[in-house]
Amino acid sequence: MADLVVHTSGSLPSSSARAPARADIVATLKATLDKPNTTLVGAAIGTGLAAQAASRGGADFILALNAGRLRSMGAPSIFSLLALRSSNDFVLDFARSEILPLAKTPVFFGASAFDPRCSIETELERIADAGFGAIVNFPTSIFLDGRFRADIERAGLGFQRELEMLRAAQRRSMATLAYVRTVAEAQQAAEAGVDIINLNLGWNVGGTVGSRTGLSLTQAAEYAKIVFRQIRGISEETLCVLEGGPIVSPDQMYEVSAVSKADGYIGGSTIDRVPLEVSMEQITSAFKSVGTLQKRIDELERQLEHVQREYSIAGRSPSIQQIKQRIEKLAASPLPVLITGGAGTGKKLLARGIHEAARRSGSKLINVGPVEASGISLFGSALTEGGKKALGLLQYHPKATLLLENVECLCADAQERLMEVIETGVYRRLGDNDRGRFEGRLILTSKRTLSQLGSSGLLIPSLESRLSPGHVFLPNLRDRLEDLPLLAEQFLQELRKDRRSRKLSVGHSAYRILMTYEWPGNIRELRSVLETAAINCEGDWIQAEHLPPLGAPAEPQPHPADEREWILDALQRHRFRRGETARYLGISRKTLYNKMRAYGLPFKQRATS
């Protein structure tokens, strides 16, 4: 069959590379399938740019089709059936010069068997001489129906002629791939010994020129399951792949493949047209709205400056929002504050924020640091080695805000004295009964939670109870990763101010690593990582290669016997939304898919009576 194209004149370069033999191509594809958790992916395309991109993306084989070329010209794939020019000449024009030299994987030539003026052997000889070692029947009569299809078949130019072409290609040691749509066509292709059978589920939906489909994903999966069972009953060696119809995303491909036991998937419009439409629309819109974007950036920077001024803590996560609300209430009250959280979570920053929010006239924030068990530095002592009395910080700074780290290190007696200061405002010096008045404020910190401090006996019950109303818990960074971009921007702004350095930003490749790391050192570690990256980076964007080595992100490790129930419970919690479930479990979506398939878990929530 011919095609609707713009004619290009001129001679084509000849191919000097020898085409790979059928056995080598099939062996390569089957070796790929032997790898664990692997699915074959083919790209049905029509330009050299698409061939390069698909190869870099990991395509296992490429189909050079007139439909792919037409899509690049703005026409829908269905135009490939229009008889306005020889399809084989058209494909040779671009595939030999653009795709074959650039592809790093086997290339199947989309060959038409419709032209009665040319013998099959002559056409195959031309294709083989051009350097192609694999054939696919495209355009194909399987897309025709009704009386027209019947007339084509009676004329000897239908599906049987396509099978004859594929058999002839095999005799030339060329690998073969057959498009089929019905069980009967699949059986005939399997009996012909075709290497790969592609069950086409119809023209792809999606995008601006996508076709309609009468199949749902569930129907497509069940139909493919029946077809593939028939194929494998005839030939277990034949590879079975899917294409088209309702499948327009990787999730949908996996869902249909998991049920039908497909060996792979061929993407046409879903690889070159649909993503291109979306990408070009978004990019063009971004360029068009650059002024609006700049206003949004300015607004975000103003918000960031406000956040930095307000409480010295950056973040928009629900936990941080709650903490900021707590700060407003605590700042307005005289309550002592206990800040708990892991190392590096920002306890001292939060203490400074509370102090600044209180706006106590003439008050300073004094960082006492880790206190010794006896509390001499805090309360003072009448008995020292030099025979002189030692003044404590409560006496030195009677109106200041004192920040005491690791409050659990104080002995029981010192905690009793601290309790007295909180209750009465009076402190007692160690070694005598001298008393003084403290009118300032106490902010205490601990790496343990309040409940741990009480249950372990590290805090006396009265002090635990008294500190509870003013308790603030700072979560680990890994539990509020949505705050990481804002924290990163804050740290980079501080670097620019401190060192008068250029304006630095974090690139996407770096963010992918930062957002999957566990951050055992919390925001303190994040600051250190960004400082190192800023030194390594010579441009304006911090990328993955500028980051110092980070440990591998930890994944939850349930007991194998419990893993199935663990995953099923998470799926039910999130109504079988697999993206949300994967994030909840802390694993990649691909890992979740593989485990669901291994345990035979359903991909949709089953109705209950």
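Phe138, Phe143 and Tyr179 form one aromatic cluster in this predicted model. Two helix contacts are also described below: helix H5 (residues 120–129) packs with helix H7 (residues 159–171), and H7 packs with helix H8 (residues 183–191). The chain has 609 residues, and its secondary structure comes to 26 helices and 17 strands.

**Aromatic residues**

- The count of aromatic pairs comes to eight.
- In the pair of Phe138 and Phe143, the ring centres are 6.1 Å apart and the planes stand at 75°, so the pair is edge-to-face, the class for angles over 60 degrees.
- Phe138 has a relative accessibility of 2% and therefore counts as buried, the limit being under 20%.
- Phe143, at 10% relative accessibility, counts as buried too.
- Tyr179 belongs to the cluster that holds Phe138 and Phe143.

**Helix H5 against helix H7**

- The angle between H5 and H7 is about 50°, and their axes lie 10 Å apart.
- H5 and H7 are therefore oblique to each other.
- The crossing of H5 past H7 is right-handed.
- From H5, the contact draws on Ile120, Glu121 and Leu124.
- From H7, the contact draws on Arg161, Glu164, Met165, Ala168, Ala169 and Arg171.
- By class, the residues in the contact of H5 with H7 are five nonpolar and four charged, with no polar ones.

**Helix H7 against helix H8**

- H7 and H8 pack at an angle of about 25°, with 10 Å between their axes.
- This angle makes H7 roughly parallel to H8, because angles under 35 degrees fall in that class.
- H7 passes H8 in a right-handed crossing.
- On the H7 side the residues are Phe159, Gln160 and Leu163, which meet Glu185, Gln188 and Ala189 of H8.
- The contact of H7 with H8 divides into three nonpolar, two polar and one charged residues.

**The chain as a whole**

- Of the 609 residues, 49% count as buried.
- Among contacts in the chain with a separation of 6 or more, 72% are between residues 24 or more positions apart.

Terms used: Residues numbered from 1 in each chain as written. Predicted model: local features only at pLDDT ≥ 70, side-chain atom pairs only at ≥ 80, totals over all residues. Heavy atoms only, no water. Axes fitted to C-alpha atoms, helices over the stretch in contact; angles between N-to-C directions. Helix = DSSP H or I, 4+ residues; strand = E, 2+ residues; numbered from the N terminus. Parallel < 35°, antiparallel > 145°, perpendicular 65-115°, else oblique. Left-handed = near helix turned anticlockwise from the far one by under 90°. Contact = heavy atoms within 4.5 Å. Nonpolar A, V, L, I, M, F, W, Y, C, P; charged D, E, K, R; others polar. Phe/Tyr/Trp six-rings, centres within 6.5 Å; stacked < 30°, edge-to-face > 60°. Buried < 20%, exposed > 50% of the residue type's maximum accessible area, 1.4 Å probe, protein only.
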